[in-house]
Each structure stands twice: as structure tokens, then as C-alpha cells.
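Me: I would like to go through this model by question and answer, starting from the overall fold and ending at single residues.

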Amino acid sequence: MIRAHQLLHPQRPPAATRPAATVLLLRDGPQGLEVLMTRRSMSASFAPGAYVFPGGGIDAADALAHHQSTRRASQSDLHLTQAIAAIRESFEELGVLLARRADGSHLNTADIATLDRQAPFAAQCAAKGLTLDGADVFVLAHWITDRDLPRRFDVPFLVARMPEDQAPVADESEQFEPEWIRPADALARYEAGSFFIIFPTIRTLERLQAHATVQSVLDACAVSEEPLFTSCPRAGLLGGAESRHMEHEAPFGELALVSPDGAIVHELQWQTERPVPLLKNVARLTAPNPGFMTGPGTNSYLVGDPATGYIAIDPGPADPAHLERLWRAAGDDIRAIVCTHSHADHSPGAPGLQALCSVKPPILGLPSAPTARANSHFIPERALTDDERLTLKNANGEAQHTLRVVHTPGHAANHLCLILEEDGLLFSGDHILNGSTTVIDPPDGHMGDYLASLDRLAALCDEHSIDFILPAHGYVLGDLRQTADNPTAPPEGGAKAAIQHLKAHRLAREAKVARAMQAKPHGSLDDWVPIAYDDVPERLWPVAKRSMLAHVEHIQSLGGFNV
């Protein structure tokens with residue numbers, strides 16, 4: 001858990017959320033699935049002028065109308081209330097009525113025109129002998145408004161089939177210009193600047209593109225009463241412009257670390273000229289070595305503060321300009337240089353950084369094994385031991401920042417990770433990356449060791465309450481999801497969930513490798529790669545083949561298929 005006094009910015013509680021419901025009315029058009037969208041009033045207090053799906057706040061009366069609605073056996077009281085609210089809002093805003101007569105038929109547009117959209121909804125339906133279609137309204141998604149916004153809603157995005165013989169008629173007060181549109185067309189018009197839609201609408205339309213028919217959407221939602229996805233997005237700056245992200249997207253964890261309350265203060269644009277503060281005691285400086293294997297570049301980290309001095313983690317390649325920037329960022333007060341492993345984009349800069357320092361800090365790490373490639377040779381001045389602590393103290397001799405050394409072979413035999421114990425941060429080197437899976441390249445790489453190291457790190461996440469992983473390549477990683485009933489509570493999941501997801505991905509890949517070996521028992525790696533990595537671009541197969549060999553060796557070590 002991050003110490004509050006290490007956060008970069010003062011925190012303020014997000015605005016409370018209000019319960020609401022939105023419904024996506026769907027129909028099958030001549031060119032595929034279409035969704036009904038309408039333009040909000042330019043004077044609306046939330047998203048004025050945006051094209052949206054009909055919906056609004058949940059009224060107390062909605063929960064009292066359960067007896068007037070059909071209901072699925074598995075449909076909770078909350079979901080039925082939300083469905084009734086969405087039915088009411090679509091009637092009031094667009095004159096669309098998801099309700100049936102006693103004979104099971106829907107009203108047509110002319111019938112609906114005789115009703116009063118301003119009158120109490122449930123009472124009017126009861127007087128007309130109508131039963132609400134709550135059982136035919138399904139949960140698609142659950143959106144919680146971003147923490148930085150002054151008006152926030154906790155809202156399910158529901159889906160229902162548009163009744164035949166009904167046409168939308170906007171109330172010309174809250175909603176205007178109803179329009180049937182394919183999700184792909186709405187997104188194209190948004191990109192062209194002619195169709196204003198907000199972030200949750202964009203992401204929901206993107207998900208809808210995977211479905212060709214209304215029935216496909218309904219079938220997907222009917223599998224469970226739970227939403228297909230839940231999100232409370234976070235926003236940062238990308239080149240100075242606002243950039244919003246969901247939980248599964250690369251920058252989300254970094255935004256959660258730097259700005260827990262959701263304030264839009266953190267620049268996400270990759271650059272190599274300046275250190276990026278992540279906490280008061282942690283800064284990142286990315287080396288100018290971007291590439292296919294390194295992503296934006298190697299992340300060097302400084303842990304500490306002016307009162308304690310700093311420990312530099314992964315000085316990176318021997319790039320004089322990068323090393324000087326790292327040295328200046330530490331104010332010439334580096335107490336130790338730690339290399340997570342010996343690869344050429346991590347350790348070669350250590351001697352150059354040490355030479356810049358007035359007081360020479362020790363170069364620490366684990367020596368490269370005999371299995372390491374020639375360009376990965378590394379001998380530290382002192383070999384660290386597993387579970388050793390590196391401590392930075394203030395002038396009174398009090399420990400302020402403690403890094404626990406964790407030997408994590410797998411990517412490399414001499415790989416180690418570091419845990420900042422006081423703040424629950426995991427510096428993962430190349431063992432865990434954001435945006436890609438690390439290459440396991442035998443003989444120095446070993447899949448069995450890699451998976452075992454993941455298990456150990458997952459256990460340490462519990463011991464140290466670790467929510468964030470700081471990798472050597474990519475943004476800070478954090479698989480953070482808010483609880484549905486309390487979006488401002490501490491996040492669930494954290495680093496452990498990310499590690500478990502990574503392990504599951506590795507084991508799923510290994511299962512595909514095993515199936516490829518069984519399909520072609522006399523084949524070679526070249527024969528198996530197209531089968532086991534059929535979801536990976538062919539240009540990446542040469543690199544994939546290196547990790548595939550590690551999978552093959554692991555399968556064989558477990559008594560599996562032999563070649």
C-alpha cells in the first residue's frame with residue numbers, strides 16, 4: 001500500500017455517484033446490426049450535444065413497479081429496477097415502449113402517441129393493462145463515471161430488441177434527432193469529427209462491432225446476469241491532450257499510481273529527456289533505445305529522496321547522455337546501482353553511471369550464468385543474495401526506503417526483482433512487462449523457473465500488499481478494478497491479479513504448443529510455430545520460436561511429448 005505522504009499530488013474525494021440506467025435499443029438493419037442513438041440537449045448538465053443511448057436516473061418508483069414487469073428467474077432486484085428505469089426513460093425521451101398488452105403484442109407508434117410522457121409511468125401502464133418487458137432487457141456493461149468529473153453516475157448499459165411497428169420520436173427537450181446507425185459508422189463519423197460521442201459510448205460501440213445481429217448480442221448477455229465488462233476509466237495527458245483509458249489498457253495502472261483520485265495531471269507521452277516522477281520517492285527515466293524488443297526503451301528507476309540518496313535500478317545501455325541524465329536526476333547522490341539481470345539493454349550502463357558519481361556506488365546484482373550469451377556477460381562488484389534488503393536511511397539513521405531482493409530466474413538465470421517494502425511496489429525487470437510477454441530463450445531462459453518465479457511473486461504480493469508493478473519496459477502495471485458497489489473503495493486485484501493473468505496466458509500458450517507437437521509428432525519448431533502461434537503475426541515467429549523451445553523443454557521435463 002502506497003504511503004500517503006509519498007503521493008505527488010494532494011488527494012480529494014471523487015464526487016459521489018448517482019444510480020442511473022441506459023439502454024441500447026437494437027435492430028437488424030440491411031447492412032447488419034444497428035443501434036438507436038440520439039443527441040442530447042445543448043443545455044444538458046452532462047455531455048451536452050453528445051450522441052448517446054437513451055437513459056437517465058433511477059427513480060424510487062422504478063423499484064416499486066416489479067410486480068408490473070416480466071422477470072427472468074436469475075434477474076436480481078437491482079437489475080430489474082435498472083431495466084424498469086431504462087424502459088421508462090426510453091418511453092419518456094423517445095416514445096419507445098418496451099411493454100406488452102395481455103395478448104403479448106407491443107403497442108405501435110400511433111398507440112404510444114396517445115399516452116402522456118409526462119404522467120407517472122408505472123400507473124399509466126397499469127391503467128392501460130400493459131406489462132413491462134423487464135425480462136427482455138439484458139445487462140451488457142457497467143460503467144462508473146471517471147473520478148475526475150464533477151457529475152458521476154453508476155450506470156448499467158442495458159440492451160433490448162427494438163419492438164416492431166415502433167419508431168422513435170424525440171421529446172425535443174432532453175433528446176433530439178434520433179438516428180439508427182451501425183456501430184462502425186458511428187465510430188467512423190466520430191473520427192471524422194462529425195459525430196460527438198463520449199468515452200463510454202465509444203468503447204461500448206467498439207465492443208458491439210463484434211456482433212453481426214441483435215440475437216448475437218442478446219445471446220452473449222444471456223449467458224450470465226453479470227455485465228460483459230465493467231469500467232471506471234482514468235485519464236491522463238498525451239502530448240498535453242486528455243487521454244482516457246480502461247482497466248485493461250496499458251496506461252491505466254500508471255494513472256492509478258500517480259493520481260489515485262483521478263485528477264488529470266500525469267503526462268503519458270514517452271520521452272527520454274526528463275525523469276518522470278511516479279511518487280515522491282520513485283522516478284523513471286527511459287533510455288533512448290526504443291525497438292521491437294524494448295518497446296519505448298529501457299526504464300531506469302531512481303528510488304529514494306534528497307535526504308536519503310538514491311538507488312538506481314537498471315541503468316540500461318551504455319548511453320552517455322542517458323547516464324548523465326540519470327546521474328543529474330539523483331543529484332550526484334546514488335548510493336547503489338542494481339541491475340535486474342545481465343542483458344545488453346540493462347547492465348552495460350552501470351560502470352559509466354558509477355564513474356560519474358563523486359562517491360562511487362557499488363554495482364550490485366547477480367553474476368551471469370555460464371548459459372548466458374556472450375553479449376550478456378555481467379559480474380557485479382557484489383553479488384546480492386535472495387531476500388537481502390537494501391536500505392536507504394535519513395540523517396537520523398532511520399530506514400526510509402527498503403528494497404527486498406527476490407531471485408526470479410526464468411527470463412535469465414541471474415534475473416532478480418526488487419520490492420519496495422514500505423510502499424508495496426514490485427520492480428519486475430524483464431520478468432513482467434506491460435504490453436507484451438517476455439521472451440524465454442534457452443539455455444539461459446527456463447520456462448519452469450519462470451513459472452515458479454511468477455508463483456513466488458504472486459505470494460509476495462499478498463505479503464507486501466503490492467498493487468503496482470514497475471517493469472523495465474512499458475508503463476506501470478496494475479490490474480485494478482473497483483468494487484461495483486463502492487467505486488471509491490481501495491482497488492481489488494492489483495499486481496497479483498496481473499501476475500495470475502500472465503501465468504494463465506503462458507499456460508494457455510503451452511497447451512497450444514503441446515497440441516502442435518501432437519498434431520505433428522515428427523515435426524520441428526518451424527512446423528509447430530504456425531500452429532501454436534497462429535494468433536501472432538508471422539513476422540514475430542522467429543522471436544516466438546525462442547520461447548516455444550522453452551515451452552517444449554518444459555513439456556518434456558513434465559514427462560510430456562518427447563521428440
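Reply: Helices (H or I, at least four residues) and strands (E, at least two) are DSSP runs, numbered from the N terminus. This is a predicted model, where local features need pLDDT of at least 70, side-chain atom pairs count only at pLDDT 80 or more, and totals for chains, interfaces and linings use all residues. Residues are numbered from 1 along each chain as its sequence is written, and side-chain values use heavy atoms, with hydrogens and water left out.

Me: How many helices and strands does the protein chain have?
Reply: The C-alpha atoms of the chain fill a box of roughly 85 × 65 × 40 Å along the principal axes. The count for the protein chain is 14 helices and 26 strands.

Me: What share of the 563 residues counts as buried?
Reply: Buried means under 20% relative accessible area, exposed over 50%, and partly exposed in between (1.4 Å probe, protein chains only). By that cut-off, the buried share of the 563 residues is 56%.

Me: Which element gives the most to the lining of the second largest pocket?
Reply: A pocket is an open set of points on a 1 Å grid over the protein atoms alone where a 1.4 Å probe fits, with protein on both sides within 12 Å along at least five of seven lines; lining residues have an atom within 4 Å of a point. Here 45 residues line the pocket, with Arg-40, Phe-46, Ala-47, Val-52 and Ile-198 nearest its centre. Elements giving two or more residues to this lining include strand S1 (17-29), helix H2 (77-94) and helix H6 (199-208). With six residues, the element that gives the most is H6.

Me: What is the volume of the second largest pocket?
Reply: Grid points are joined across faces, edges and corners, and a volume is the space filled by probe spheres set on the points. For the second largest pocket that space is about 1100 Å³.

Me: How many residues of strand S14 (residues 282-286) are buried?
Reply: In a regular strand the side chains alternate between the two faces of the sheet. In S14, Val-282, Arg-284 and Thr-286 point one way and Ala-283 and Leu-285 the other, and all are buried. The strand is largely enclosed by the rest of the structure because the number of its residues that are buried is five of the five.

Me: In S15, which residue is the bridge partner of Ala-283?
Reply: Two strands pair if DSSP finds at least two bridges between them. S13 (residues 276-279) runs antiparallel to S14 with three bridges, and a hairpin joins S13 to S14 through two residues. S14 also runs antiparallel to S15 (residues 299-305), with five bridges. In S15, the partner of Ala-283 is Leu-302.

Me: Which elements do the buried residues of helix H9 pack against?
Reply: In H9 (residues 320-329), the buried residues are His-322, Leu-323, Arg-325, Leu-326 and Trp-327. They pack against S14, S15, strand S17 (334-338) and helix H10 (350-356).

Me: Which residues does Glu-254 touch, not counting residues up to four places away in sequence?
Reply: Glu-254 lies in helix H8 (residues 252-258) and counts as buried at 0% relative accessibility. Contact means heavy atoms within 4.5 Å. On that basis, Glu-254 touches His-266, Leu-278, Arg-284, Tyr-475 and Val-476.

Me: What is the relative accessible area of His-464?
Reply: His-464 is in helix H11 (residues 447-464). Leaving aside neighbours within four places in sequence, His-464 is in contact with Met-1, Arg-404, Ile-419, Glu-421 and Gly-424. His-464 is buried, and its relative accessible area is 11%.
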